[in-house]
Every structure is written in C-alpha cells, then in structure tokens.
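Visitor: I would like to learn how to read the features of a model like this one, one at a time. Could you take me through them, giving the general idea before each case?

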Amino acid sequence: MRLDFHPFIRVEGVPGKDFRKQKVDILNYTAVIFTSRNSVDHFFRVCEELKLKVSQDCKYFCITEAVALYLQKFILYRKRKVFFGADGSTKSLLDVMNKHKENEKFLFPSSDSQKKDIEEWMKANKCEYATASLYKTVSNDVKDVLSATSYDLIVFFSPSG
C-alpha cells in the first residue's frame with residue numbers, strides 16, 4: 001500500500017503594497033490576536049516589509065500556548081504581555097481577552113477565509129478593533145496528480161475544521 005500526500009491549498013502572504021490599501025495602521029493598536037503560526041509569521045513579515053517597529057508594550061493574545069511560544073522567534077517573551085487560552089479553544093481565548101477589553105485596541109491579523117467568531121465577540125462586547133488580511137488561502141492545481149495516478153481512496157483535510 002502506498003500513501004501520497006498532495007496539498008490542495010497553500011498559504012500566500014499579502015504583499016505590503018496590498019496591505020497598505022486596507023488602511024490599517026499597525027502601530028495604532030496595543031494588542032494583537034493570533035490564531036495560528038501563519039498569522040504570527042505574516043504579521044511580522046508585513047511589519048518588516050513596511051519597516052514598522054512594534055512597541056515593546058504591545059500585548060499578544062494567542063489561541064494556544066504553542067502559538068504563544070512560537071512568538072519567541074519574533075519578540076522578547078514576557079508573561080505580562082503574552083496571553084493564551086487554557087485549552088486552545090476560541091472560548092478560552094475570549095475569556096482571557098475579556099479581562100483586557102476595556103484598555104486595549106485589538107488588531108486581528110487573519111486570512112481571507114477566517115471564521116468570524118472572534119470578530120462577532122468583539123463587536124458584541126464593543127471592543128475597539130480592526131481586522132487585517134495578511135495572508136490568503138490559494139488552491140493548488142492537482143489535476144495532473146489525480147489524472148496521473150488512480151487512487152482507491154482520497155482523503156481531504158482542511159485546517160479550518
């Protein structure tokens with residue numbers, strides 16, 4: 001039995017030029033919400049591309065501890081400015097954010113096809129926030145792969161659930 005893996009999608013960053021068209025000034029926000037390592041990578045890529053220096057006082061809210069620890073590649077990690085949910089669920093992240101919602105202006109870097117639950121919570125709780133599309137999900141062409149080989153079983157996986 002042979003097992004092949006062919007990704008049907010890939011993640012591409014939005015160029016800094018296209019990001020500017022969104023009219024989001026990253027330096028105006030005091031907190032950033034990360035839901036994946038992709039969002040961390042592309043946030044700091046855009047900051048570097050636009051030559052922006054993120055404030056040392058900026059707070060980071062991460063969906064999981066793994067994403068929070070991944071931030072160490074980009075920032076000096078301090079517990080007072082990096083927060084994450086207890087169990088990796090959106091609800092636990094929102095519980096942590098609830099304690100800080102009065103004092104922070106949130107920036108939510110996401111993909112073009114992000115679930116809207118965090119945005120809806122911020123609207124309902126009257127948080128000051130902006131959403132920035134920093135990367136997009138693009139389909140790979142798999143016609144050649146499927147036509148060249150016959151498969152008994154094809155399994156699809158989606159990172160968005």
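Visitor: Let me begin with a single side chain: is Phe 43 buried or exposed?

Guide: The general idea is a relative accessible area, where buried means under 20%, exposed means over 50% and partly exposed lies in between, with a 1.4 Å probe and protein chains only. Phe 43 has 1% relative accessibility and therefore counts as buried. Before going further, note that this is a predicted model, in which local features need pLDDT of at least 70 and side-chain atom pairs count only at pLDDT 80 or more, while totals for chains, interfaces and linings use all residues. Residues are numbered from 1 along each chain as its sequence is written, and side-chain values use heavy atoms, with hydrogens and water left out.

Visitor: What is the overall make-up of the protein chain, in helices and strands?

Guide: Helices (H or I, at least four residues) and strands (E, at least two) are DSSP runs, numbered from the N terminus. The protein chain has six helices and six strands, and along the sequence they follow the pattern β-α-β-α-β-α-β-α-β-α-β-α. The C-alpha trace spans about 55 × 35 × 30 Å along its principal axes, and of the 161 residues in the chain, 37% are buried.

Visitor: How many aromatic pairs does a search of the whole structure find?

Guide: Rings of Phe, Tyr and Trp (its six-membered ring) pair if their centres lie within 6.5 Å, and planes under 30 degrees apart count as stacked, over 60 as edge-to-face and the rest as tilted. The search of the whole structure finds nine such pairs.

Visitor: Which residue lies over the face of Tyr 29?

Guide: A charge sits over a ring if NZ of Lys or CZ of Arg is within 6 Å of the ring centre and within 35 degrees of the ring normal. Here Lys 105 lies over the face of Tyr 29, at 5.5 Å from the ring centre.

Visitor: How many salt bridges does the structure hold?

Guide: Side chains of opposite charge can pair when their charged atoms come close. The criterion for a salt bridge is a side-chain nitrogen of Lys or Arg within 4 Å of a carboxyl oxygen of Asp or Glu, and the structure holds seven. Among them is the bridge between Arg 45 and Glu 49, at 3.1 Å from N to O; both residues lie in helix H2 (residues 37-49), four residues apart, about one turn of the helix. Arg 45 is partly exposed at 25% relative accessibility, as is Glu 49 at 38%.

Visitor: Where do Asp 95 and Lys 91 lie?

Guide: Asp 95 and Lys 91 both lie in helix H4 (residues 90-98), again four residues apart, about one turn of the helix. They form a salt bridge whose closest N and O atoms are 3.3 Å apart. Asp 95 is partly exposed, with a relative accessible area of 42%, whereas Lys 91, at 57%, counts as exposed.

Visitor: What joins the side chains of Glu 104 and Lys 59?

Guide: A polar contact is a pair of N or O atoms within 3.5 Å; within protein, one must be able to donate a hydrogen and the other to accept it, and residues adjacent in sequence count only if both atoms are side-chain atoms. The side chains of Glu 104 and Lys 59 are joined by such a contact, of 3.1 Å. Glu 104 is placed in the loop between H4 and strand S5 (105-111) and is buried, with a relative accessible area of 9%.

Visitor: What is the phi of Lys 23?

Guide: Most residues other than glycine have a negative phi. Lys 23, although not a glycine, has a positive phi of about 55°; this residue lies in the loop between helix H1 (16-20) and strand S2 (31-34) and is exposed at 75% relative accessibility. Lys 126 also has a positive phi of about 55°, in the loop between helix H5 (117-124) and strand S6 (128-139), and is exposed, with a relative accessible area of 76%.
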